Amino acid sequence: MTFDLPNSLILDTALSVSGLTDYIRLLLEQDEQLRQVWVTGEVSSANHHRSGLFFTLQDTDGTAGIKCVVWNSQLAKLAQIPVAGEQIIILGSIRLYPQRGEYQLSVWQALPAGVGLQALRYQQLKNRLLAEGLFDRQRKRSLPIHPQTIAVVTSPTAAAWGDIQKTLKQRYPGLHVLFSPATVQGEQAPESIVKAIERVDWDGRAEVLILSRGGGAVEELACFNDERVVRAVASCSIPVITGIGHQRDESLVDLVADVCVHTPTAAAETVVPAIAELYAEHRQRVLALHEVMHDFGENAENKLQALRNRLRRLRLDRQLEQEAQKLVWKRRQLVQATIARSQQAKQHLELLRQKLATLDPKAVLQRGYAVVRQENGAIARTAAELEVGQNLSIQLGQGEVIVKVTEVKK
């Protein structure tokens, strides 16, 4: 195939290699989309050079690839160092090198893709919550020993709910269980779990809360690494125990909970004691108390007998008898002395009574004497005190008479 073109046309439109390369470079490097682009793929090769890390990023099916470079000044800032065979997400800009006529991606940041990205996000959130102190042992609360009301947050259709009910009924019959249903898988799960915990808090009757799910794949348990759920557990007003899944790494909810176990059944077993075990422990305590009391009684009896033997050896019983006999004699002497003094006092009292009786004015009057009183009540002792015509009262042994003085003999 031949082209019949005028020479003048070829000369006017022909570009040099550098001109074409510069044109392509401007198209690539000035494009807003390509100046800051995210690209995901698999690292097929990686080589360290003095200036930086060079690697190729390709689609997993190998249909396309692009050369990439991370300069040494940027390597320390990467969240994920590109390694052959790993899936990564990179942020960079397109650069074209005229000498080789090649373009490559100048990388600013590299992140793990897929599970690796989830792990990075998990670790970053974990570090942030750890710095806030949400995982500190000092803030963890003890579970109540004998709770009467327990709240359970899980899915109503999950086997975990049935396991918890069965275990609680077997271990502690009569326990009051408050069920706060929640979705525990999928995009709606975090918000649903948060609302379920808030309902328990608002109700205010429960003493402890079980947050549970019956296992699942890592991606199915993602809601228990959600920051909203972690903070809801941390701010719950009552202790929280988690029982999420089987044989898995601890979730962030497990780390913030007051107690964590690996299964719903284990959570139910941990939160309440078994009645049978309590009864057995009670019987053991009763037997131990009986043994202690028996030993105490024997020890007391032995000590008492030892004291009795010691008293016999010291003959204190004879001394006590002698002192008691002395007390009897002293009492008799005291009684006799008291009676004698009492009799003496009675005799002296009788003498005083008789003497007083002889001095009693009434007794003198009874013997025939009289008391003469003037009108002013004064006793008349001499005739010189009286005058003719004066009224006098004369008190006799029995009664009183009024007289008038007719004559005074001095």
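**Exercise 1. Helix H8**

Which residues in helix H8 (residues 227–234) are buried?

*Solution.* The structure is a predicted model, in which local features need pLDDT of at least 70, side-chain atom pairs count only at pLDDT 80 or more, and totals for chains, interfaces and linings use all residues. Residues are numbered from 1 along each chain as its sequence is written, and side-chain values use heavy atoms, with hydrogens and water left out.

Step 1. Apply the cut-offs: buried means under 20% relative accessible area, exposed over 50%, and partly exposed in between (1.4 Å probe, protein chains only).

Step 2. Val229, Val230, Ala232, Val233 and Ala234 are the buried residues in H8.

Step 3. At the N-terminal end, H8 is capped by Asp226, with a side-chain oxygen 2.8 Å from the backbone nitrogen of Arg228.

**Exercise 2. The barrel**

*Solution.* Step 1. The 5 strands of the closed barrel follow the order E1-E2-E3-E5-E4, and their pairing is mixed. Two strands pair if DSSP finds at least two bridges between them.

Step 1. From one strand to the next, the twist averages 50°.

Step 2. Strands E3 (residues 65–71) and E5 (residues 102–112) run parallel and are joined by 2 bridges. Val69 has Ser106 in E5 opposite.

Step 3. Helix H2 (residues 17–29) lies across strand E4 (87–97) and E5, at about 140° to E4. Such angles run from 0 to 180 degrees between N-to-C directions, with axes fitted to C-alpha atoms, for helices over the stretch in contact.

**Exercise 3. Aromatic pairs**

How many aromatic pairs does the structure hold? Classify each.

*Solution.* Step 1. The count is 2 aromatic pairs. Rings of Phe, Tyr and Trp (its six-membered ring) pair if their centres lie within 6.5 Å; planes under 30 degrees apart count as stacked, over 60 as edge-to-face and the rest as tilted.

Step 1. Phe54 and Trp71 are edge-to-face, at 5.9 Å centre to centre with 90° between the planes. This pair links strand E2 (residues 52–58), which holds Phe54, to E3, which holds Trp71, 17 residues apart. Phe54 is partly exposed at 24%, and Trp71 is partly exposed at 33%.

Step 2. Trp161 and Phe179 are stacked, because their ring centres are 4.0 Å apart and their planes are at 15°. Trp161 lies in helix H6 (residues 159–171) and Phe179 in strand E7 (residues 176–181), so this pair ties together parts that are 18 residues apart in sequence. Trp161 is buried at 13%, whereas Phe179 is partly exposed at 28%.

**Exercise 4. The open sheet**

*Solution.* Step 1. The order is E7-E6-E8-E9-E10, 5 strands with parallel pairing.

Step 1. E7 and strand E10 (259–261) are the edge strands, each pairing on one side only. The twist averages 20° from one strand to the next.

Step 2. Strand E9 (residues 240–244) pairs with E10 over 3 bridges in the parallel sense; Thr242 stands opposite Cys260 in E10.

Step 3. H6 packs on the sheet and touches strand E6 (149–154), E7 and strand E8 (208–213), at about 165° to E6. Contact means heavy atoms within 4.5 Å.

Step 4. Helix H10 (residues 264–271) also packs on the sheet, touching E6, E8, E9 and E10, at about 165° to E8.

Methods: Helix = DSSP H or I, 4+ residues; strand = E, 2+ residues; numbered from the N terminus. Polar contact = N/O pair within 3.5 Å; in protein donor to acceptor, adjacent residues only side chain to side chain.
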